[in-house]
Structure formats: C-alpha cells, structure tokens
Amino acid sequence: METTINMLDLAIININNVMEVTMGNAKCFQLLGTEKEICQVKNFDFVFPEFELKKVFLSKQGYQEKNILFQRGTRKYNLVVTALPVVINDECISVVLIFQDYVNLKRSIHKVFKNDNNYYTFNELVGQNKMFREVIETARQSAETDANILITGESGTGKELLARAIHGESRRN
C-alpha cells in the first residue's frame with residue numbers, strides 16, 4: 001500500500017489530533033520539504049497555519065479543492081488542498097490532507113483540454129514583435145491577480161484570444 005501511495009501524483013499527509021505528522025507520501029515531501037523535516041514537525045498547524053487544521057479538528061468539517069497560497073523564505077507555494085477529517089465516535093482523531101501544486105494541476109488540465117477550441121493559454125499566442133511580447137508578458141502578470149482587465153484595440157487584433165488566454169491562466173478559471 002505504501003508503494004502505491006508513493007506512486008501517486010497527489011501529495012498525501014496525515015496529521016493527528018496533537019498536530020503531529022503520522023504519515024506522508026513522497027509527493028508530500030517533495031512539495032513541502034524533506035521527510036525528515038516534515039516528520040519532525042511537532043505542531044503542523046503552527047508551521048503551516050494556512051491549512052487551518054485547528055478549524056477542521058474543531059468543526060469536524062473538511063474542505064475540498066481550496067486554493068492555498070503562502071511563502072516560506074524565498075519559496076512561494078500555490079496549492080490546491082482537500083482536508084478530510086477522520087472522525088471516530090464523534091471525535092476528530094486526524095486530518096488527511098490531499099494536495100497538489102496549482103501550476104502542475106493547470107498543466108495537467110491544459111493537456112486534457114488542449115484540443116478544446118474554447119480553451120487558450122499564452123502558448124497559443126504566437127508572435128515575435130517586441131511590443132506583442134511585452135503585451136503577452138503584461139497579460140501573464142495580470143492573470144496572476146484578481147484585478148479586472150480591460151482589453152482595447154482594433155477589430156481583428158486578437159483581443160478575444162488574449163482575454164481567453166488570461167482567463168485560462170487565472171486563478172478564477
């Protein structure tokens with residue numbers, strides 16, 4: 001069973017009710033740190049408060065596909081997380097976290113939908129003109145924010161394709 005869990009492209013970690021890590025698979029350690037580092041954490045909620053484990057333990061209610069953003073040192077994390085409380089006799093004894101890197105998840109989705117005519121990424125917008133490349137770079141940066149974007153230009157210049165690419169790369173997608 002351990003070999004099977006380690007083969008998954010999903011990170012899985014179990015935290016008991018005293019916030020200690022009791023199990024994690026290879027993908028978990030790849031995303032969060034080495035096995036030694038993570039398993040030595042005595043209070044997972046203190047080190048990673050973004051997962052809101054206290055709330056899950058107290059409410060006995062998990063969450064699904066929550067986008068969690070945080071930074072440790074120079075490393076930025078952007079994860080899609082599901083928290084599953086393990087409740088026995090009305091007591092939450094542990095929480096299983098299943099998560100994956102947001103960017104890798106988007107790449108996987110892109111592979112599935114790459115032949116879908118309604119799905120675009122910046123890779124489909126091809127051009128070598130310096131001004132065009134600058135517009136694409138600005139659009140990429142804008143896609144990472146929650147700001148509204150107004151695209152203007154003459155008819156036939158690709159405004160709709162740019163808008164679809166921005167939408168395809170954004171967190172709102």
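**Exercise 1.** Which element gives the most to the lining of the largest pocket?

*Solution.* The structure is a predicted model, in which local features need pLDDT of at least 70, side-chain atom pairs count only at pLDDT 80 or more, and totals for chains, interfaces and linings use all residues. Residues are numbered from 1 along each chain as its sequence is written, and side-chain values use heavy atoms, with hydrogens and water left out.

Step 1. Lining residues have an atom within 4 Å of a pocket point; a pocket is an open set of points on a 1 Å grid over the protein atoms alone, where a 1.4 Å probe fits, with protein on both sides within 12 Å along at least five of seven lines.

Step 2. The lining of the largest pocket comprises 21 residues, with Y102, V103, K106, E144 and E169 nearest the centre.

Step 3. Helices (H or I, at least four residues) and strands (E, at least two) are DSSP runs, numbered from the N terminus. With five residues, α6 contributes the most to this lining.

**Exercise 2.** Determine which residues of helix α8 are buried and how they are arranged.

*Solution.* Step 1. Buried means under 20% relative accessible area (1.4 Å probe, protein chains only). In α8, residues 159–169, this holds for L162, A165, I166 and G168.

Step 2. These buried residues fall within an arc of 165 degrees seen down the axis of α8, so they line one face of the helix. The arc is that of the directions from the helix axis to the C-beta atoms.

**Exercise 3.** State where T82 lies and whether T82 is buried or exposed.

*Solution.* Step 1. T82 belongs to strand β4, residues 75–88.

Step 2. T82 has a relative accessible area of 14% and is buried.

Terms used:
Buried < 20%, exposed > 50% of the residue type's maximum accessible area, 1.4 Å probe, protein only.
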